[in-house]
Amino acid sequence: MISEVVKRWVQTWAARLVRKVTIQGRSDVGYYSTDTYGVAPTDGEPSMTAQRYQLYGVTSEPPQGTEVILLAVNGGSSNRVAVAELPQNVPTIEADEVLIWAKAGQRVLLNKDGDVTVVPAAGSSLDIAFSAAE
């Protein structure tokens with residue numbers, strides 16, 4: 001049986017490396033201010049700054065209040081990066097589909113049948129169908 005002291009130590013150590021926080025705004029290009037962060041899961045301290053890693057060719061600015069997962073690269077408290085986000089109000093799509101969307105309502109859907117649907121924020125849509133060259 002693992003003692004409570006050991007459980008607490010492991011929990012505190014892991015919290016130094018991986019943390020779920022909330023974006024509170026942009027502090028600089030590619031860097032975001034986050035909510036409180038402490039050494040132990042129950043500790044709090046002033047907001048901290050973290051770099052947000054993104055995929056090549058895709059750039060986005062998450063709204064304030066978005067929850068993110070931070071990792072401490074090499075365990076360093078000054079080298080934190082956001083590696084995953086939990087967006088709110090995500091549109092529903094079907095299996096095997098890809099959707100690029102924004103809060104204002106724009107959508108680009110790559111549907112499971114191979115069609116592309118573009119929906120501007122104004123609400124009108126444009127369907128684009130591609131056929132394979134013979």
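Mentor: Helices (H or I, at least four residues) and strands (E, at least two) are DSSP runs, numbered from the N terminus. This is a predicted model, in which local features need pLDDT of at least 70, side-chain atom pairs count only at pLDDT 80 or more, and totals for chains, interfaces and linings use all residues. Residues are numbered from 1 along each chain as its sequence is written, and side-chain values use heavy atoms, with hydrogens and water left out.

Trainee: Which strands supply at least two residues each to the lining of the largest pocket?

Mentor: β5 (80-86) and β6 (98-101) do. β5 gives the largest share, four residues. A pocket here is an open set of points on a 1 Å grid over the protein atoms alone, where a 1.4 Å probe fits, with protein on both sides within 12 Å along at least five of seven lines; lining residues have an atom within 4 Å of a point.

Trainee: And which lining residues are closest to the centre?

Mentor: Of the 26 in the lining, Arg52, Ser60, Glu85, Pro87 and Trp101 are.

Trainee: Switching topic. How do β1 and β4 run?

Mentor: Antiparallel: β1 (residues 18-28) is joined to β4 (residues 67-72) by five bridges. Two strands count as paired if DSSP finds at least two bridges between them. Arginine 19 has leucine 70 in β4 as its bridge partner.

Trainee: What about β1 and β2, how many bridges there?

Mentor: Four, also in the antiparallel sense, with β2 covering residues 31-34. Aspartate 28 is opposite tyrosine 31 in β2.

Trainee: What's in the turn of that hairpin?

Mentor: Two residues separate the strands, and glycine 30 in the turn has a positive phi of about 80 degrees.
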